[in-house]
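The sequence and the model are shown first, and the commentary comes after them.

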Amino acid sequence: MKEANQARLVDALRDAGTMTQAELARFTGLAPSTISNIVRALTSGGLLEVSPTVSRGRTAQAVRLSRSAGLLLAADFGHRHLTVAVADLAYRILGRRRVALEWDHRVDDGLSEVDRLAGELLTELGVDRSALVGVGMGLPAPIDVRTGQVGAPSQLPGWIGVDAAELAGRRLGVSVRVDNDANLGALAEQRWGAGRGAEHLAYLKLSDGVGCGLVIAGRLFRGAIGTAGELGHATMNEFGALCRCGNRGCLETLVATPALLAELARVHEDELTSIGDVIRLARAGEVTARRVLDDAGQHIGVAVANLCNIFNPDRIVVGGELSQAEDLVLASMSRTLNRQGIPAAAQAAELVLAELGTESQLLGALLLAGEAAGPHLLATLPPVELDAG
Ligand SMILES: [Zn+2]
């Protein structure tokens with residue numbers, strides 16, 4: 001019984017990061033005296049650490065898993081980059097690295113980079129590799145929930161068909177969980193960003209590809225095999241441009257970064273190489289850049305209107321690099337959503353910009369790392385004799 005109570009408390013902290021003793025009591029349903037006994041015992045055992053904080057205007061004790069209980073590693077793979085971060089079990093980032101990566105790299109090379117960067121970060125922190133207790137990895141591809149295999153279409157063709165979590169786990173010697181990057185963005189925005197308090201939300205990642213993570217009734221919805229939310233491959237024009245998925249006229253062929261740059265290249269030759277360039281130009285009032293962003297918002301608005309008609313979310317969180325255009329994209333998106341969606345569904349959906357910016361995926365990967373660390377933490381709980389309570 002006492003062990004079960006300890007496990008509930010540790011699991012609650014592992015999920016939330018930091019909680020006050022009062023929050024722990026409310027969340028676990030345990031008596032405040034039981035909580036304070038467990039916290040005292042596990043703090044003296046080195047598993048927890050406590051620091052003063054202010055909660056609801058009153059001084060309280062903030063409880064978190066201590067750094068000596070282990071560290072988390074997050075790896076966020078994009079189309080052309082890899083970001084790796086080490087954090088403590090309260091999800092506070094202690095160090096990070098970002099490197100460029102060829103989009104057609106082999107899976108072994110991608111994992112070697114994770115391994116190398118993790119080693120560098122841990123050395124900087126002066127801790128041994130054995131400190132890692134969980135790893136979360138985000139990939140721009142669907143992950144088959146039955147087999148763990150990376151599916152298609154993937155922004156990283158070298159990873160298709162691979163059980164990435166198993167492979168990375170063998171490489172890093174620690175439990176690894178993997179998910180689609182847009183799903184991780186949805187998780188992080190729901191926890192710490194613009195999705196807080198939303199019950200049913202869609203997170204859009206508008207970048208080199210178009211991804212979408214769905215949270216339904218507070219939980220990530222992956223679908224039957226893990227491909228839920230492939231809004232980037234919603235058909236906008238069945239005879240449109242060929243898409244990497246094999247279909248034609250997908251939303252991605254209209255609004256992903258390469259499509260926007262390709263269209264502008266016809267009038268700007270080679271001066272625009274990133275979405276940041278396009279946004280700068282549009283902000284300076286350049287008409288073609290403004291038009292391309294406005295049109296992108298309109299196309300996304302059509303797809304989002306369909307999404308709202310079907311699953312009636314209360315919030316749409318717009319993330320990815322295109323979200324840096326803010327109103328240059330959001331205004332036409334909102335206008336189109338209201339015009340194309342069922343009025344009640346469109347009005348119910350609050351359209352907001354992601355708050356965590358380009359951090360959404362990395363922070364979602366950290367949450368996943370926390371999940372991966374769960375069983376290890378529970379297994380290492382000391383057999384503590386507790387006072388009555
Ligand atoms: Zn497609």
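The text below treats a metal site, a pocket, and several individual residues in turn.

The structure is a predicted model.

**The zinc site**

Four residues coordinate the zinc ion: His233 through ND1, and Cys243, Cys245 and Cys250 each through SG, at 2.0 to 2.3 Å. The angles among the four donor atoms run from 105 to 123 degrees, and the site is tetrahedral. Along the sequence, the donor residues follow the spacing H-x9-C-x1-C-x4-C. Cysteine 245, at 28% relative accessibility, counts as partly exposed.

**The largest pocket**

The largest pocket has a volume of about 760 Å³. Its lining comprises 44 residues, of which His79, His81, Lys205, Ser207 and Asp208 are the closest to the centre. Sorted by class, the lining holds 12 nonpolar, 20 polar and 12 charged residues. Several elements each supply at least two lining residues: the strands S5 (81-88), S6 (93-100) and S10 (210-216), together with the helices H6, H8 (257-268), H9 (275-283) and H13 (360-379).

**Asparagine 183 in helix H6**

Helix H6, one of the elements that contribute to the pocket lining, spans residues 181-192 and includes asparagine 183. With a relative accessible area of 2%, asparagine 183 is buried. Residues up to four places away in sequence aside, asparagine 183 touches Cys212, Gly213, Leu214, Leu220 and Arg222.

**Leucine 94 in strand S6**

Leucine 94 belongs to strand S6. At 30% relative accessibility, leucine 94 is partly exposed. Neighbours within four places in sequence aside, the contacts of leucine 94 are Arg67, Leu71, Val86, Ala87, Asp88 and Leu125. Leucine 122 stands 28 residues from leucine 94 along the chain, and the C-alpha atoms of the two are separated by 9.5 Å.

**Backbone features in loops**

In the loop between S5 and S6 lies tyrosine 91, whose phi is near 65 degrees, a positive value in a residue other than glycine. Tyrosine 91 is buried, at a relative accessible area of 7%. Alanine 217 is placed in the loop between S10 and strand S11 (219-221). Its phi is also positive, at about 50 degrees, although alanine 217 is not a glycine. Alanine 217 has a relative accessible area of 46% and is partly exposed. Proline 153 is located in the loop between strand S7 (132-139) and helix H5 (164-172).

**Accessibility of the residues discussed**

The table collects the accessibility values given above.

| Residue | Relative accessibility | Class |
|---|---|---|
| Asparagine 183 | 2% | buried |
| Tyrosine 91 | 7% | buried |
| Cysteine 245 | 28% | partly exposed |
| Leucine 94 | 30% | partly exposed |
| Alanine 217 | 46% | partly exposed |

Conventions
Residues numbered from 1 in each chain as written. Predicted model: local features only at pLDDT ≥ 70, side-chain atom pairs only at ≥ 80, totals over all residues. Heavy atoms only, no water. Donors = N, O, S within 2.8 Å, 3.2 Å for Na, K, Ca; no water. Tetrahedral: all angles 85-135°; square planar, octahedral: opposite > 155°, others 65-115°. Buried < 20%, exposed > 50% of the residue type's maximum accessible area, 1.4 Å probe, protein only. Helix = DSSP H or I, 4+ residues; strand = E, 2+ residues; numbered from the N terminus. Contact = heavy atoms within 4.5 Å. 1 Å grid on protein atoms, 1.4 Å probe; cavity = no way out; pocket = protein on both sides within 12 Å on 5 of 7 lines; lining within 4 Å. Points joined across faces, edges and corners; volume = space filled by probe spheres on them. Nonpolar A, V, L, I, M, F, W, Y, C, P; charged D, E, K, R; others polar.
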